[in-house]
Amino acid sequence: MYIRSSRRVHGMLKLYYGLNEEGKTVDQAESMNPCDINGTHFDPEVYLNKLRRECSLGELMDQESCMVKQIRSLDSDMQTLVYENYNKFISATDTIRKMKNDFKKMEDEMDCLSTNMAAITEFSAHISGTLQDQHAQITKLSGVHTLLRKLQFLFELPARLNKCLELQAYSQAVSSHRRARCVLQQYSHMPSFRGIQDDCHAIMDKLAQELRQKFRDGGSSAEDLSECVELLLQLDEPAEELCDKFLSHAQSRLEANLRGLEAETDILEFIDRGCNEFVSSLCLVIASYQELFVNRPQEGNLASKDIPHMAIGKLHAFVDALATCYFSLVERRIQEEKSVGDNSLLVRALDRFHRRLQAVAKLLPGSAVPSQGTEIVVRAARERIKQYLAALQSFYLDSLRDVRQALAAPRLGGSSAGELLSSLSASILNQIKSVLASVHLFTAKDITFSNKPYFKGEFCSQGVRESLVVNFIKFVCQSSRQFCESAGDRGGSTPPALLLLLSRLCLDYETSTITYILTLTDEQFLVQHHSPVTAVAALCGEARGAAQKLLNHYVKVQGLIISQMLRKSVETRDWVNTIEPRNVRAVMKRVVEDTTSIDVQVGLLYEEGVRKAHSSDSSKRTFSVYSGSRQQTRYAPSYAPSAPMDTNLLSNIHKLFSERIDIFSPVEFNKVSVLTGIIKISLKTFLECVRLRTFGRYGLQQIQVDCNYLQMYLWRFVSDENLVHFLLDEIVGSTAHRCLDPAPMEQSVIEVICERG
């Protein structure tokens, strides 16, 4: 019973604090278990029966002890809770009692305040009633007093203005006149006011004249000048005239700065002087002008005149006119920079020029001056590219002149063709690298204009790569071709060795140099091919074409030189009445010597080349008097004047089936091909000269000896020995056909003469 009583009291307290009987919040689910001692549906009988069934005696005793402890704890909690709530109830009672006393005192004060307000209202009504009759009179007198003060100000205005003029208090004078100007204008029909107005106008005219003089002198500070302009505008001075006077005065000083620029100084000093004097003064003028006429807040009557719009237009025209004069001086001075030795001075000068013009862009947005300055820098860079191209071309021509002199000089202690080629190629490449290093200064990171789109794109690709490097390579190829075009029938004035050297130079350009130079340019200038550029393959093709043409021309020239000797040797001899041959003619020895010299010369620059396999008796071949297809032992005994038609027919039939020899075919880039071409031209000329002559017995024998001597030495120079044998056989056969008494010499005798010769 005690447990049930305690639980009921405890449950009421839980309900008071928003808990259910189980000690949970209201929103918690209630337990339906009858054995849950904290649940709503707890049944003591069921709980006790369950304990008796499931627990031993010791467990029941422990359960009882635990339950006793819980009951005591709950009783203690209940007492604490009751005591705390009791203290709160006592405190609340005291607070309510105190509030009753305070409200009583506040009611007494409010009654007193209400009484005082009623007395004040009654006293105010009494005063208003007393002064009501005099209020209209006081108002009238106050208006009269104000009018008298205004009239006194008007009558004292001329004296006040004179005093301000004497003290140079121009701002106060203008302010006083503006206050009275409307009134004087309104009552100007009255004589007294008209006199005051005339006096004021005279004083203000004098004041305006002093302000104009002060503005014209321009020697005062910026604040005084600004105040002067403001006062003149308030005095209805035309804003356009003020702008024109200011700009006119500034123009005289700036033109004096321009006249002070001397073109005799170096380019950096010239640009520094122009920037420090002219550009700096121009920036000061722009800033002062904008402060006076453009940026000044417009109030009252001045706001309707739109002075800033008018003033900014005049300023743009003024700056553009002076900048045009300055730019013409700068461009003229830049054009005088012809030396390409040191490019850094010009680049530094252009950088300072471009950098200082950016101040104009900041002070005067929308001005064309900065863009015009950038165009000058761009034109200077383009002109520099042209100058460097001309310098490279001049250097190349001078180098060729030195090489030509070295080739023409005696060979005692002189350089070989290979050494000259290496020196020429290295000097040209070093000069190109030096020029690229000088031009690269235009794109340096510390140069302000290098960030402009032109110098990031077009200058690198079209300027440096195309206009400088590619054009120089094309110039080398084209100038080399001109050595071929200017030659005459005798080979012209160009040394053959120079033709050979240039052909090797162009071939080296095609194989490696062009690719190296363009790769170096692209890497150094970070070239991005946004616009079409010349392909490396096209330049290499042009260089190879020039090399081929030069080598072909070299073969032609050397062949013509030897051919000329052979032609003279045939045309200047009487072949019908000549004596019996005892020696090889000297011209044939000269031909072999010149061919050997050419072989050495070509071998210094070109590789050997491919030859066909030589037979063991290459130098022992014999020549028939008719055709290479017939053996001498077969046709010589049957030779008779009655059988020329048969022999000619057999010779012509053999030519139809023999391999055609192309005398002027393109030459390959090796020594064997070059010597083969020269020998073909020489022997073909020998053959054609023989066909134009008539021979006697000993003339035929001399030709046999000469051809056998040529065979002994020339076969080793050509790619196919059969070609030399065929041409020499044709020469001997053609001689026999034109011989009046064809009696050939024995081969053994020919060999003895050749070995002795």
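A cavity here is a set of points on a 1 Å grid over the protein atoms alone where a 1.4 Å probe fits but cannot get out. Points are joined across faces, edges and corners, and a volume is the space filled by probe spheres set on them.

Now the ground rules. This is a predicted model, where local features need pLDDT of at least 70, side-chain atom pairs count only at pLDDT 80 or more, and totals for chains, interfaces and linings use all residues. Residues are numbered from 1 along each chain, and side-chain values use heavy atoms, without hydrogens or water.

Cavities, then. The count is three of 30 Å³ or more. What lines it? Ile-562, Val-591, Thr-595, Ile-678, Ile-679, Ser-682, Leu-683, Leu-710 and Leu-714 do, each with an atom within 4 Å of a point. Seven of these are nonpolar, two polar, and none charged. Helices H17 (586-603), H20 (671-691) and H21 (697-714) each supply at least two lining residues. H20 gives the most, four. Helices are DSSP runs (H or I, at least four residues), numbered from the N terminus.

Next, Phe-103. This residue sits in helix H3, residues 57-166. Phe-103 counts as partly exposed because its relative accessibility is 47%; buried is under 20%, exposed over 50%, partly exposed in between (1.4 Å probe, protein chains only).

Last, Asp-522. Helix H15, residues 496-525, contains Asp-522. Is Asp-522 buried or partly exposed? Partly exposed, because its relative accessible area is 22%.

Definitions and conventions: 1 Å grid on protein atoms, 1.4 Å probe; cavity = no way out; pocket = protein on both sides within 12 Å on 5 of 7 lines; lining within 4 Å. Nonpolar A, V, L, I, M, F, W, Y, C, P; charged D, E, K, R; others polar.
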